[in-house]
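The sequence and the structure are shown first.

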Amino acid sequence: MRATAFRYHPPVSPVAAASLEIGKVAVTVGLSFDGALYACRRPPGVVERMEAEALDLLSKGLFVSGIDTPVATVTGAAGHRFVQQSAEFRPPDARLYRGMCGVGASRNGLTLTGILGYRLEVRAGWAKRAGDCGPPETAAEWCELFGGQLSSIGGVVLRRSSVLSLGTPP
């Protein structure tokens with residue numbers, strides 16, 4: 001049986017994201033990938049359709065927990081293996097986690113394999129209800145102001161947020 005194969009390059013913008021408010025704090029979480037995956041479809045399919053299916057499979061069931069800690073946990077329903085390599089505070093409102101993600105997933109005849117870099121960005125700021133509060137200036141202040149609310153979030157389910165380039169069928 002023939003197969004259609006191609007190298008899939010995930011978009012640089014977040015593949016999956018979530019936004020929520022807890023108390024007076026607004027939180028956004030975005031997950032981006034960098035690199036290329038090998039995608040194979042049996043039976044053969046149209047490459048553009050495979051790109052859409054690859055993005056769906058890559059973003060399936062993404063769950064983030066521990067966003068109040070130096071080591072956030074990222075999991076995916078497709079069995080991705082996330083290994084964090086760094087975490088840093090980005091003034092005034094973000095913590096950035098970076099690492100590697102091993103992908104070995106199959107669904108409906110489509111198989112994705114490879115290793116991607118990932119970037120998980122967690123932004124916390126005052127919600128409209130908080131009034132006139134200034135942004136934190138240091139990582140310690142960020143944790144002090146938003147840590148309680150972030151720790152009360154057990155986990156966040158991310159939803160696919162990327163769109164394919166114009167002219168690519170969904």
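## Aromatic cluster

Phe 33, Phe 82 and Tyr 118 form one aromatic cluster. Rings of Phe, Tyr and Trp (its six-membered ring) are paired if their centres lie within 6.5 Å; planes under 30 degrees apart count as stacked, over 60 as edge-to-face and the rest as tilted. The model is predicted: local features need pLDDT of at least 70 and side-chain atom pairs count only at pLDDT 80 or more, while totals for chains, interfaces and linings use all residues. Residues are numbered from 1 along each chain as its sequence is written, and side-chain values use heavy atoms, with hydrogens and water left out.

By the ring rule, the count comes to three aromatic pairs. In one of them, the rings of Phe 33 and Phe 82 have centres 6.2 Å apart and planes at 35 degrees, so this pair is tilted. Phe 33 belongs to strand β3 and Phe 82 to strand β7, so the pair ties together parts that are 49 residues apart in sequence. Helices (H or I, at least four residues) and strands (E, at least two) are DSSP runs, numbered from the N terminus. Phe 33 is buried at 3% relative accessibility, and Phe 82 is buried at 16%. Here buried means under 20% relative accessible area, exposed over 50%, and partly exposed in between (1.4 Å probe, protein chains only).

How are the rings of Phe 82 and Tyr 118 arranged? Their centres are 5.2 Å apart and their planes stand at 80 degrees, so the pair is edge-to-face. This pair also links distant parts of the chain, with Phe 82 in strand β7 and Tyr 118 in strand β9, 36 residues apart. Both Phe 82 and Tyr 118 are buried.

## Nonpolar core

The largest nonpolar core has 40 residues, and those with the most contacts inside it are Val 27, Leu 31, Phe 33, Phe 82, Tyr 118, Leu 120 and Leu 158. The elements that give two or more residues to this core are β2 (16-22), β3 (25-34), β4 (37-41), α1 (47-58), β7 (81-90), β8 (94-107), β9 (110-126) and α2 (139-151). β9 gives the most, with seven residues. Such a core is a set of buried Ala, Val, Leu, Ile, Met, Phe, Trp, Tyr and Cys residues joined through side-chain atoms within 4.5 Å.

Which residues does Leu 158 contact, leaving aside its neighbours within four places in sequence? The partners of Leu 158 are Ala 16, Ala 17, Ala 18, Val 29, Leu 31, Leu 62 and Val 64, where contact means heavy atoms within 4.5 Å.

## Salt bridges

A search of the whole structure finds six salt bridges, each a side-chain nitrogen of Lys or Arg within 4 Å of a carboxyl oxygen of Asp or Glu. One of them joins Glu 53 and Arg 41, with the closest N and O atoms 2.3 Å apart. This pair links distant parts of the chain, Glu 53 being in helix α1 and Arg 41 in strand β4, 12 residues apart. Glu 53 is buried, with a relative accessible area of 19%, and Arg 41 is buried at 10%.

Asp 93 and Arg 123 meet through their side chains in another salt bridge (2.5 Å, N to O). Asp 93 lies in the loop between β7 and β8 and Arg 123 in strand β9, so the pair ties together parts that are 30 residues apart in sequence. Asp 93 is partly exposed at 23% relative accessibility, and Arg 123 is partly exposed at 31%. Arg 119 forms a salt bridge with Glu 121, the closest N and O atoms being 3.1 Å apart. Arg 119 is partly exposed, with a relative accessible area of 27%. Asp 93, Arg 119, Glu 121 and Arg 123 are linked in a network of salt bridges.

## Backbone features

The peptide bond from Pro 91 to Pro 92 is cis, with omega near 5 degrees. Pro 92 is found in the loop between β7 and β8.

Asn 108 is not a glycine, yet has a positive phi of about 50 degrees. Asn 108 sits in the loop between β8 and β9 and is exposed, with a relative accessible area of 65%.

## Whole chain

The protein chain has two helices and 11 strands. From the N terminus on, its elements run β-β-β-β-α-β-β-β-β-β-α-β-β. Residues 24 or more positions apart account for 65% of the chain's contacts with a separation of 6 or more.

Of the 170 residues, 40% count as buried. The chain exposes about 8,800 Å², of which carbon and sulfur atoms supply 54%. Accessible areas come from the Shrake-Rupley method with a 1.4 Å probe; for residues, only the protein chains shown count as cover.
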